[in-house]
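Here is a short briefing on one protein chain. Look at the structure first, then read the points by topic.

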Amino acid sequence: MSDPINILVVDDHPLMRKGIVQFLSIEPEFNVVAEAGSGAQAVELCSELEPDVVLLDLNMKGLSGLDTLKLLREKQVSSTIIILTVSDSKQDVIKLINAGADGYLLKDMEPEQLHEQLKQAAAGKQVLSEELVPFLSCLHETDEFAEKLGTVTKRELQTLNEIAKGASNREVASTLKITEGTVKVHVKSLLRKLNAKSRVELTVMYLEHIA
């Protein structure tokens with residue numbers, strides 16, 4: 001059996017947060033490593049624990065989900081960050097994905113759907129609630145990618161090839177016979193060199209380049 005997916009749940013509404021944590025805790029595939037009631041607490045915990053997935057509320061007091069996301073990406077946190085919110089605003093979806101979110105899910109989804117989407121996200125795939133998928137056509141395009149790609153090392157390119165196939169950090173480490181920590185270092189370097197805000201954006205740009 002593979003290792004469980006380590007998750008940090010961030011929501012400033014205690015009942016909602018506790019409900020999500022309780023649901024995830026009964027599934028053997030998931031391990032809730034911590035929960036946070038604010039963006040500031042989330043940034044601190046994420047830097048300390050390096051969870052596989054951060055499930056982040058959008059509308060929070062103090063640091064909003066967007067501000068929290070930006071801070072996490074500025075700190076080059078390699079966790080997969082999924083927005084979980086009630087807002088189905090096209091503007092919000094585009095803004096959060098462009099800021100580095102790896103996915104955007106609505107809180108009115110069925111629990112079983114959340115379960116499946118989180119597994120997909122942990123495998124390196126972008127996840128969105130079905131009704132939001134059409135908004136993806138409005139995302140910005142990345143220029144000069146080929147030139148930037150020339151700055152990556154051979155090992156980083158091997159890592160990029162694997163994550164573009166949908167491999168998780170654990171799977172990349174196994175394939176390349178390196179540690180998971182080394183994979184995270186390579187991913188951070190790739191994000192910086194290729195000017196990508198998230199693992200998903202990195203993958204999309206690379207697949208478009210090689211198509």
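At which residues does UniProt place the feature "domain: HTH luxR-type"? The record, an unreviewed entry, puts this feature at residues 145-210. This is a predicted model: local features need pLDDT of at least 70, side-chain atom pairs count only at pLDDT 80 or more, and totals for chains, interfaces and linings use all residues. Residues are numbered from 1 along each chain as its sequence is written, and side-chain values use heavy atoms, with hydrogens and water left out.

**Domains and record features**

- The chain is divided into domain 1 (5-123) and domain 2 (134-210); such bounds come from an automatic or database domain assignment.
- The contact between them takes 19 residues from domain 1 and 16 residues from domain 2, where contact means heavy atoms within 4.5 Å.
- Taken over C-alpha atoms, the centres of domain 1 and domain 2 are separated by 21 Å.
- UniProt also lists "domain: Response regulatory" (unreviewed entry) for residues 6-122.
- UniProt positions follow the numbering used here, feature names are shortened, and annotations may be inferred rather than shown by experiment.
- The span 6-122 is 46% helix and 23% strand, and its end C-alpha atoms lie 9 Å apart.
- The span 145-210 is 76% helix and 0% strand, with end C-alpha atoms 11 Å apart.
- Helices (H or I, at least four residues) and strands (E, at least two) are DSSP runs, numbered from the N terminus.

**The sheet**

- Six strands form an open sheet with parallel pairing, in the order S2-S1-S3-S4-S5-S6.
- Strand S2 (30-36) and strand S6 (127-128) are the edge strands, since each pairs on one side only.
- Two strands pair if DSSP finds at least two bridges between them.
- Strand S1 (residues 5-10) pairs with S2 in the parallel sense over six bridges.
- Ile7 stands opposite Val32 in S2.
- Strands of a sheet pair through backbone hydrogen bonds, either parallel or antiparallel.

**The largest pocket**

- A pocket is an open set of points on a 1 Å grid over the protein atoms alone, with protein on both sides within 12 Å along at least five of seven lines; lining residues have an atom within 4 Å of a point.
- The largest pocket has a volume of about 430 Å³.
- Volume is the space filled by probe spheres set on the points, which are joined across faces, edges and corners.
- Of its 25 lining residues, Ile5, Ala122, Ala123, Ser168 and Arg170 are the closest to the centre.
- Helix H5 (111-122), helix H8 (169-176) and helix H9 (180-193) each supply at least two lining residues.
- The lining of this pocket draws at least three residues from each of domain 1 and domain 2.

**The cavity**

- A cavity is a set of grid points where a 1.4 Å probe fits but cannot get out.
- The count comes to one cavity of 30 Å³ or more.
- Among the residues that line the largest cavity are Arg73, Val77, Leu191 and Arg199.
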